[in-house]
Structure formats: C-alpha cells, structure tokens
Amino acid sequence: MLMDKGTTVWASNTSEAGVETAVMSENGNFILYTDNLSVAWQSFSHPSDTLLPGQPLTASLELISSKSPVHGGYYTLKMLQQPTSLNLGLTYNVPESLDMSPELYSNYSYWSGPDISNVTGDVVAVLDKAGSFGIVYGSSSNGAVYVYKNDADYGGLFSAVNQSNWNRPSVLRRLILEANGNLRLYRWDNDVNGSRQWVAEWAAVSNPCDIAGICGNGICNLDRSKTNASCTCLPGSSKVGNDVSCSGNSSLTGKCGPHHENLTSQFKISTVQQTTYYFSGSSVIANYSDIDSVSKCGNACLSNCDCIASVYGLIEEKPYCWVLRSLEFGGFEDPGSTLFVKVEANGSFGVNGDKESGNSSDESESTHEKVLILPIVLSMTVLIVLLGCLLYINIHRKRSLKRALDGSLILSGGPISFTFRDLQHRTNNFSQLLGTGGFGSVYKGSLGDGTLIAVKKLDKVLPHGEREFITEVNTIGSMHHMNLVRLCGYCSEGTRR
C-alpha cells in the first residue's frame, strides 16, 4: 500500500511466497493466494485494533490500539496466562522510561474476561455474525464462554469457528480496541435520525476511570453522572499541549545521591487526598501493614530514596501502605485512600502538577470549588452578624430614649411611675369601686406602707401622645391645695392610663 508520492505505508512481506492472486472476502478478510490456491497471507491472522465477525483471535495474537503521541503508551487485548487458567484481558502498556528503547514496556491489566481452566486444544476469542463475543475452546471447539451475548443470537459462538468463506452478514459489526483503552462493539445502522453511522452496542468497561492510563500517569475524576471523566495531573507533572493525559512526572528523576544516599532535604511529600493508584508488582518497593496513621505512610516514602510515591488505604479495616518506585498507570478517586507524591522541596505543586510561584497557581476542580465556597460562607456570616448588631443597637437605642424621655419629663420629686401590674396588685385587681366620672372610674387601693390611695383608671385614651400626658401629670403633681388630693403617681403603658 503506497501513498500518493510512492511512500510505502504497509506491506505483506510476501514477495518470496509466490503470490498470484488477492481476494477481499465478504467477511472482510483480505487473502493472498499462491498459484496452487494455498493461503500465503491473510489479514485475519494479522489483526490491528479491530476484530471482525468470524475472525479468530488465538492465544498468539492480540489487538493493539494506536499509541499515545505523548508518552507512547498503548492498549492490547490478548489471552493472559494465569498459573492454572487462561483469560482474555485488556492491558495498558507504557515505556519504562522515555530514554529507554521503545521495546521495553511495563504493563498493567485492568480488565479480564471469564477464567478458563483445565483446557486442552485451541483457545480462540471470536465475534460471531449475530453480535456475540466470547471464547471457544477444546480440541473440537466444543466449549464456549460468552463475554457478551446478543439476545438475538441463536446460532452460538460455534458457528463463527472454522468458517473462512462467509456470505455477507445482514448486519455489519466490528469489535474495536479504542485509543482510550475500552473494548467496544459497534453495529452499522442505516437509519439513525435520518443518517447512517456506527452505533455502539456494548463496551467492556462502563466506568472510564477503571481503565488504567486513561489520564496517562494522572488522576481520573468522574463527574456527577458517573459516566464522563476528566483528568488532573500529579504534583510535578503536567499536560502536554492539547492532550488530555498527563506525562513527565518526577518519577523520571532520580531521588538518590551518587552513593545511593537519601537526599531528604531536597524533597518533600505532596498529599493527594481521596486518591489511589494503579501499580504493578515490579513497582513495589515495600508493603507495610503496621503503619497506624496516614502521615506515616508519606514519611515512609520520604525516608526511602528510591521511592517516588506511596499509597495509604484500608483493606478489611486494616491499614496498608505501598511504597512505590514508579508512577506509570494512572490513578482514580477513592474516598478510603491517600496518595503521597515526592516532589522537589523548593517548589509548591498543586494537584494539577504545575509548579506554583508568586500568587499564581492552578488548583484542582475540588480545590477551586472550596476557594469559591469559603468567601461566600464568610461573607454571609459577616452579614448576619452585622444585621444582628444593627438590630440590637436599634432596640437598645429605643429603650434608652424611652428611659431618657421618662427621666426628662418627670420632675425631681414629682409623681412616681407605676406599672399596670403593680396597680392591679395595689387595688386587688380594681375590685373596690369608689366612684365614676366623665373620663373613667376610681378604685380604692393601698401602698406597701399601708397608705390608702385612690386610683383613677381612664376609660378613654386621650388623643394626645405620651409626652402631653406626662406633661399634664407633672402639672397636676406640682399643684397643692387643701381641697385637692395629692397626686403621688401615674401609669402609662401602651393604651393603659
């Protein structure tokens, strides 16, 4: 296959095989035949990132996604050999170092299909014409395990095995290992809102943060719908260009001195709360189960020059602390875990990884929300306190003015101010009537020293205000005559006079 200018982009490398003819079969298999019609090469035996119906994925083959242009990581779908079984697994592969050969990769498997044990004969993963995907095994291919079964599939996976010449299927399907690490089954639909397009039928992973490396070596964060994810970078790392994943973290920088001594003073620990990390066994330096506090897990990393991060969490209510020498496969939110990352001591790093200087920094989404909420809460608190103080001052001022008014209007030595309740007590609740007049009734009472008094209770409140009433009280109280009863006091409470 050549480009416009004659550049070779793909070749079957069968120039010495005596190829005479090439056929594109109805099931999508591109086959090269020799002169005696034997197969010299076929595309089904060299899969890329796509599996077509009837295409066998044997234990020696794998689907490979496109590589990340930033860090060179990629995903594979292949058979994984376990101690006593086989299973189909998705694996994230990343270069061990940007300085190393691209052939040296470390990997982490984040999804697996059903285990198949005690198997003899071939083990083949296959997608059938009805849209079911699974594994067929045994010497006669008489065993089958479904990874995904289409409800409309009545033929089973067996019909997809050993059939190289299929007729064109009624519904076109393809299984693709996407660049984001998810394995997804698509169906070609001729009528989707008036257009024709590929429609997703099934995906191996429903939670995008369950995919290792989806954020590079950064942290995957789910939104409230639990279906969409965003990425934040580790302290000491950052996003490259418009790429959503993170790279270039401090794990690529040695932490030990020339004689493998610990350079503790040059580094510090940056804490990433509620976060855990994917790591392989080769990246583990130590695993402590006797660390009883979160901070001690961070100190364990700081005191080990090979450590670049540590993870603290609980398993069945028992604490654990993993001390790690590399951060490659990414992390995700976990309320029960804490991630500690070793960074340079002369810089301050936020969760997005960018170094902070002066008064500028890039915070994570959660930190940004806290920064917004805190001033609002403080402002509301201050406003409520101010309103309370103003209300108290207003009430206190009114009471003070009333007391000042009373004190200024009543002359020294003038009539005494009584409460209405006090007069009720002195008159036995106005029980002994002495007489009535044009403005009210007069009742008999007595003071605490036994002095008899007459209390006039006004039936009609005078139209003038309290100032005029007290002025009249002062005037009457200052009058003395042998034929007049001396005014010794008064009561003015609301409409009661």
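Reply: Buried means under 20% relative accessible area, exposed means over 50%, and partly exposed lies in between, using a 1.4 Å probe and protein chains only. This is a predicted model, where local features need pLDDT of at least 70, side-chain atom pairs count only at pLDDT 80 or more, and totals for chains, interfaces and linings use all residues. Residues are numbered from 1 along each chain as its sequence is written, and side-chain values use heavy atoms, with hydrogens and water left out.

Me: Why is Phe332 called partly exposed?

Reply: Phe332 has a relative accessibility of 22%, so it counts as partly exposed. Tyr278 has a relative accessible area of 10% and is therefore buried.

Me: What makes Tyr278 and Phe332 a tilted aromatic pair?

Reply: Rings of Phe, Tyr and Trp (its six-membered ring) pair if their centres lie within 6.5 Å; planes under 30 degrees apart count as stacked, over 60 as edge-to-face, and the rest as tilted. The rings of Tyr278 and Phe332 are 5.0 Å apart centre to centre, with 40° between the planes, and this makes the pair tilted. Tyr278 lies in the loop between β21 (267-277) and β22 (284-288) and Phe332 in strand β25, so the pair ties together parts 54 residues apart in sequence. Helices (H or I, at least four residues) and strands (E, at least two) are DSSP runs, numbered from the N terminus.

Me: Why is the pair of Tyr92 and Phe329 called edge-to-face?

Reply: Their ring centres are 6.1 Å apart and their planes stand at 80°, so the pair is edge-to-face. It links strand β8 (residues 85-95), which holds Tyr92, with the loop between β24 and β25 (331-344), which holds Phe329, 237 residues apart. Tyr92 has a relative accessible area of 1%, so it is buried, and Phe329 is buried at 1% as well. A cluster linked by ring pairs includes Tyr92, Phe329, Tyr278 and Phe332, and the whole structure has 15 aromatic pairs.

Me: How do you know that Cys209 and Cys220 form a disulfide?

Reply: A disulfide is a pair of cysteine sulfur atoms within 2.5 Å, and the S to S distance here is 2.0 Å. The torsion about the S-S bond is about -75°, so this disulfide is left-handed. Cys209 lies in the loop between β16 and β17 (219-222) and Cys220 in strand β17, so the pair ties together parts eleven residues apart in sequence. Both cysteines are buried.

Me: What makes the link of Cys297 and Cys321 right-handed?

Reply: The angle about its S-S bond is 85°, and the link is right-handed. Its S to S distance is 2.1 Å. Cys297 sits in helix α1 (residues 294-302) and Cys321 in strand β24 (residues 318-324), 24 residues apart. The structure holds four disulfides, among them Cys301 with Cys307, sulfur atoms 2.1 Å apart.

Me: How do you know that the charged end of Arg174 sits over the ring of Tyr186?

Reply: A charge sits over a ring if NZ of Lys or CZ of Arg is within 6 Å of the ring centre and within 35 degrees of the ring normal. For Arg174 and Tyr186 the distance to the centre is 5.2 Å. Lys149 sits over Tyr146 in this way too, 5.5 Å from the ring centre.
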